[in-house]
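Subject: Structure handover and notes

Hello,

The structure is below, followed by my notes on it. Please read them side by side.

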Amino acid sequence: MANTILQTAGFVLGLIGVAAVIAATVMNNWSTKDRQGDVVTSVYTYKGLWQDCEVSTSGFTECRPLYGILGYSGEFQAVRALMVIGVVLGLIATLISLFSLKCFKMGNTEVSTKAKMTLTAGIMFVTAGICAIIGASIYANQIVTSFVQTTYNTNYGGMNQMQMEGMGMSMATTYTFGPALFVAWVGAGLLLIGGVLKCVAFKGMHVDSKPAYNTVAYRVPAQSRSAEEGSERAQKYV
């Protein structure tokens, strides 16, 4: 019973985690413009893995697709690749996890086979979660690095944005964490938890799948028993 609960909980958490990672991958607001100190009429921009979008003062949104591979940094391409790998592994793990459920009847599948499928799905869930966490963390690190370098420009003695604007100098737009980053982190966490639960469930299912060897009492046939008794009597008379 406990193994079934762990297996089902791992499947549900993994499914939600995969959905969150897919949503984060296709969202366009991985980084958003830092609006601190901006006037109300300023243009609002946000960026994703596949599109950069800009919202004008009239409320019109225009997005520019980010096609191709060349022209982008290696870190950005790594984030893309890691998120796609996480999505693919998560989807495959979800299918395997579905067929490995005890409540899902698929022919005469043995318990040992479903236990192996449960372990495989758990490992793939954990791997997908790790890929998503690494990808989101790399992107977040790039945002922090860009924000610090833009806000505190070493070429001007570490002056902040307010001091530079007071001197009539302009600075590049700064960006901060977007909602997609948090969705990716939450989805990756759910994938990790779901994968661990599946691996724990495999341990119990593996024990249950071992065949039980029942001991059988061997009884001596009546003829051989009488023969033994006759030989014992003969030995006594001798």
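C53 is buried, at a relative accessible area of 3%; buried means under 20% relative accessible area, exposed over 50%, and partly exposed in between, using a 1.4 Å probe and protein chains only. C63, at 34% relative accessibility, is partly exposed. The two cysteines form a disulfide, with their sulfur atoms 2.0 Å apart; the term stands for a pair of cysteine sulfur atoms within 2.5 Å. C53 belongs to strand β3 (residues 51–55) and C63 to strand β4 (residues 61–65), so the bond ties together parts that are 10 residues apart in sequence. Helices (H or I, at least four residues) and strands (E, at least two) are DSSP runs, numbered from the N terminus. The torsion about the S-S bond of C53 and C63 is about 105°, so this disulfide is right-handed. A search of the whole structure gives 1 disulfide. As for two other cysteines, C131 is buried at 11%, while C199 is partly exposed at 25%.

Before the rest, a note on the source. This is a predicted model, in which local features need pLDDT of at least 70 and side-chain atom pairs count only at pLDDT 80 or more, while totals for chains, interfaces and linings use all residues. Residues are numbered from 1 along each chain as its sequence is written, and side-chain values use heavy atoms, with hydrogens and water left out.

The rule asks for a side-chain nitrogen of Lys or Arg within 4 Å of a carboxyl oxygen of Asp or Glu, and the count comes to 1 salt bridge. R64 is partly exposed at 49% relative accessibility, whereas D52 is buried at 16%.

Next, strand β1 (residues 31–33), where S31 is found. S31 is buried, with a relative accessible area of 3%. Its side chain is joined to that of Y139 by a polar contact of 3.2 Å. A polar contact is a pair of N or O atoms within 3.5 Å; within protein, one must be able to donate a hydrogen and the other to accept it, and residues adjacent in sequence count only if both atoms are side-chain atoms. Leaving aside residues up to four places away in sequence, S31 touches residues including Y46, K47, I143 and Y175, where contact means heavy atoms within 4.5 Å.

The aromatic pairs number 4. Rings of Phe, Tyr and Trp (its six-membered ring) pair if their centres lie within 6.5 Å; planes under 30 degrees apart count as stacked, over 60 as edge-to-face and the rest as tilted. F182 and W185 are 3 residues apart in helix α5 (residues 179–208), which means about one helical turn between them. Ring pairs link F177, F182 and W185 into a cluster. F177 is partly exposed at 29%, as are W185 at 27% and F182 at 43%.

Lastly, helix α1 (residues 2–26) has 25 residues. Among its buried residues are G10, G14 and G17.

Regards

Terms used
The expected span of a helix is 1.5 Å times one less than its number of residues.
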